[in-house]
Amino acid sequence: MLQSYKNFNNKKIINTIYNNTLIQKSGDNFIWQNEKSLINNTLTQQKMNTKIKIIGLFLLIAGKTLYGQSVKESAKIEIPETYELSNIILALTDYGISDEWEVQKKTDYYKNMLQYFEPVKNHPLLDSANYSREKWDYYLAFRTDAVAYSFDKNNKLKKDFDFETQPGLNPFGNHLDLINDFVEKSNFRKFYSENKSFYEKLINNYKDYNFINETLEFLDAKIGKSKKQSQSEQYHIILSPLVYRMNCHRQLSENIVADFPSATEDFINGNFDNENLEDRLDSNHLIFTEKDHEYINPITNKYLELVNSNFNTKYWDKESGYEGFNVFNEYMTWAVYDLFLEEKFPNYVNKLSTYWQYQNASRGFFAQNLFSDKVKELYKKNKGKKFENIYKPLLEWTKEIEQQISLPAIESVDTSESTIQNLTQTNYIRYIQVNFSESMNTEQPFGVEIREIKNGKQTENKKYVEITEYKWTKDGKTLNFKIDSDWNEVALTFNWNEVALTFNWWGIEKPLISKKGIFLKGTTEKVEWITPIREGVIIKPQ
C-alpha cells in the first residue's frame with residue numbers, strides 16, 4: 001500500500017513506503033505510526049518515582065551565545081548556539097543524511113552547512129552519534145539536551161543547568177570530549193557566527209508568521225493556566241533550521257518552559273507569503289499543538305482518575321506508541337486547535353480541521369474527528385465558563401461510546417467489471433467498486449485524489465475530484481462510482497495505465513465517513529487498467 005506525506009511548504013505530496021504500513025506524517029511533526037512515540041513532558045503518576053527534579057535557570061549567562069528576542073515578554077524565540085551544534089552533528093551522520101524526514105534538507109542553509117563541514121565528514125563523533133528510527137529517544141535527547149550547555153572562555157562545552165529531555169538518557173553529555181574535538185576541528189563557532197544574520201531573520205519573522213501572540217492570547221483566555229503556572233513563568237521557542245520532525249515540549253526549569261518546533265521549508269528559505277493564511281496556519285499547528293500541552297496536561301492531571309476510568313486506550317488508540325492518559329491528551333490538544341481555528345480563523349476551520357484530523361488519525365488517534373466534534377459541542381455549551389468544566393461530560397461520553405467505535409478501512413478495490421471508454425476524445429472514464437470493512441455514511445458526496453504512477457512510483461501528476469455520481473449497496477459496505485477525466489490531458493501528456501486513488505488525505509475536503517461518524521482510514525490504492533485505449537473503443541478487462 002502506498003503512503004502520503006504532507007509538505008506544508010509547497011502543498012506537494014511526497015510518497016514513501018515504510019514497512020508496508022500506511023504512515024502519514026507532517027513536516028517533522030510526528031513519530032511514525034509503527035514505532036514508539038514521543039511522550040509529552042507530563043510524567044505519569046505511576047512513574048513519579050523516576051521523575052528527575054529539574055533545577056537551575058535557563059538564562060543568558062556569561063559566555064553563552066543565544067540569538068533571540070522576546071515577544072511581548074511572553075515568548076522568547078531563539079536559536080541557541082549549542083542547539084544548532086547538536087543539530088548539525090546529527091545532520092552529518094549517516095542516518096541524518098539518509099533518512100528522508102529527520103533533517104530539513106530542502107534549504108540553501110542545509111546545502112551550505114554540508115559544504116562547510118565537508119572536511120570533517122569522517123570525524124569519529126559522527127559514528128558515535130549515528131542513531132536511527134529505533135533509537136529515536138537517543139536522537140531526540142542528543143539534540144535537545146544541548147540547550148543546557150554553553151561554551152566557556154576556552155571554547156569548551158560546560159553544563160549550565162540540570163536537564164534531560166528523556167530522563168535516564170544522556171547521549172550529549174556522554175560525548176562531550178568528541179563534541180569538543182569536533183567543534184575545534186570543524187571551526188563550528190565560526191560557522192555559527194557567520195550565519196548570525198540568517199538566524200536573526202528567522203527569529204524576527206517567526207512570531208508574526210506563526211501567530212504566536214494569537215495562540216498565547218487564545219490559550220490564556222479560553223483554556224487558562226493556574227495562577228501557580230502563570231507566576232514568573234518564561235516561555236521559550238527554540239528553533240533550528242535543520243529540525244524536520246519530532247517537535248517536543250519540555251520544562252527546562254521550575255519557571256521556564258520551552259517548545260522545540262520545526263519550521264517549514266519556505267519559511268526557512270524566505271519564500272513565504274504573509275497573505276497565505278492557509279500555509280501560515282499549517283505552520284502554526286506545529287507549535288500550537290505543543291504549546292497547548294502546557295494548558296491541557298495540568299487539567300487532565302486534575303481529573304486523572306476519571307480519565308483513566310472513562311477513557312480506555314484499547315478502544316481509542318491504534319498503535320500510536322503513546323501510553324495511558326497521554327493518548328487522551330493528544331486527542332484533546334488537537335481538538336483545542338480546532339477551537340482556535342473556529343474562533344480566530346472561521347473561514348479556514350472546515351478545511352484545515354479536516355486535514356489535521358486526517359493527520360492525527362494516521363498517527364493512531366483514529367477517532368480524532370469524532371472526539372473534536374464532541375469537544376466543540378461541549379465547548380459551545382460551556383461558553384463563558386472554565387474550560388475544565390467540559391471534562392466530566394466529555395468523559396461520560398467517551399465511556400458510553402468507546403466500545404462501539406471502530407476504524408473503517410478499504411478491504412478491496414475492484415475493476416474487474418469496469419469499462420474504459422474513449423468515445424468522444426474528451427472523456428476518459430473508469431468505473432470502480434470499493435468494498436469497506438463496515439457500513440459507511442451514504443448520504444453525502446466525497447472526494448478523492450487521482451495520481452499517476454510510473455514504474456511503480458507515484459508522480460507529481462495529480463488532481464482532486466469530488467465524486468457526486470455514485471451508488472451504495474450492501475448496507476453501505478460497497479461503493480460504485482466513476483472517474484471522468486479530461487482525455488486530452490491524460491492521453492497526450494501522461495500514460496495513466498496505473499493510477500493511485502487516495503481517500504481521506506490532504507487536499508480532499510469531503511471525507512468518507514462511517515455510519516459511526518469516524519473518518520475512513522486514510523489510504524492510497526493502486527488501480528490498474530488494461531491498454532491500449534483506442535478512439536471510439538470500449539475495452540472490457542478479461
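## Close-up views of a predicted model

**View 1. Tyr331 lies in helix α16, which covers residues 325-344.** The model shown here, as in every view, is predicted. Tyr331 has a relative accessible area of 0%. The cut-off for buried is under 20%, so Tyr331 counts as buried. Look past its neighbours within four places in sequence, and Tyr331 is in contact with Phe311, Trp316, Phe365, Phe366, Ala367, Gln368 and Phe371. Val375 is 44 residues from Tyr331 along the chain, yet the two C-alpha atoms are separated by 9.9 Å.

**View 2. Gln357 sits in helix α17, residues 349-362.** Is Gln357 buried or exposed? Its relative accessible area is 9%. That falls under the 20% limit, so Gln357 is buried. Apart from neighbours within four places in sequence, Gln357 is in contact with Asp338, Gln368, Asn369, Ser372 and Phe519.

**View 3. Helix α12, residues 277-291, has a kink.** The kink is about 35 degrees and is centred on His285. How far apart are the end C-alpha atoms of α12? They are 20 Å apart. The helix has 15 residues, and at 1.5 Å a residue it should span 21 Å, so the two values agree. Now check its surroundings. Of the 15 residues in α12, 14 are buried, so the helix is largely enclosed by the rest of the structure. An α-helix has 3.6 residues a turn, so residues three or four places apart point the same way.

**View 4. Strand β9, residues 256-260, is mostly covered.** Five of its five residues are buried. Follow the side chains along the strand. Ile256, Ala258 and Phe260 point one way, while Val257 and Asp259 point the other way. Residues on both sides are buried.

**View 5. Strand β9 pairs with β7 and with β8.** Start with β7, residues 234-238. This strand and β9 pair in the parallel sense, over four bridges. Which residue of β9 is the bridge partner of Tyr235? It is Val257. Next comes β8, residues 248-253, which runs antiparallel to β9. Five bridges join β8 and β9. In this pairing, Cys248 stands opposite Phe260. A hairpin joins β8 to β9 through two residues.

Terms used. Residues numbered from 1 in each chain as written. Predicted model: local features only at pLDDT ≥ 70, side-chain atom pairs only at ≥ 80, totals over all residues. Heavy atoms only, no water. Buried < 20%, exposed > 50% of the residue type's maximum accessible area, 1.4 Å probe, protein only. Pairing = 2+ DSSP bridges. Contact = heavy atoms within 4.5 Å. Expected span 1.5 Å × (residues − 1). Bend = angle between axes of the 7 residues up to and from the residue.
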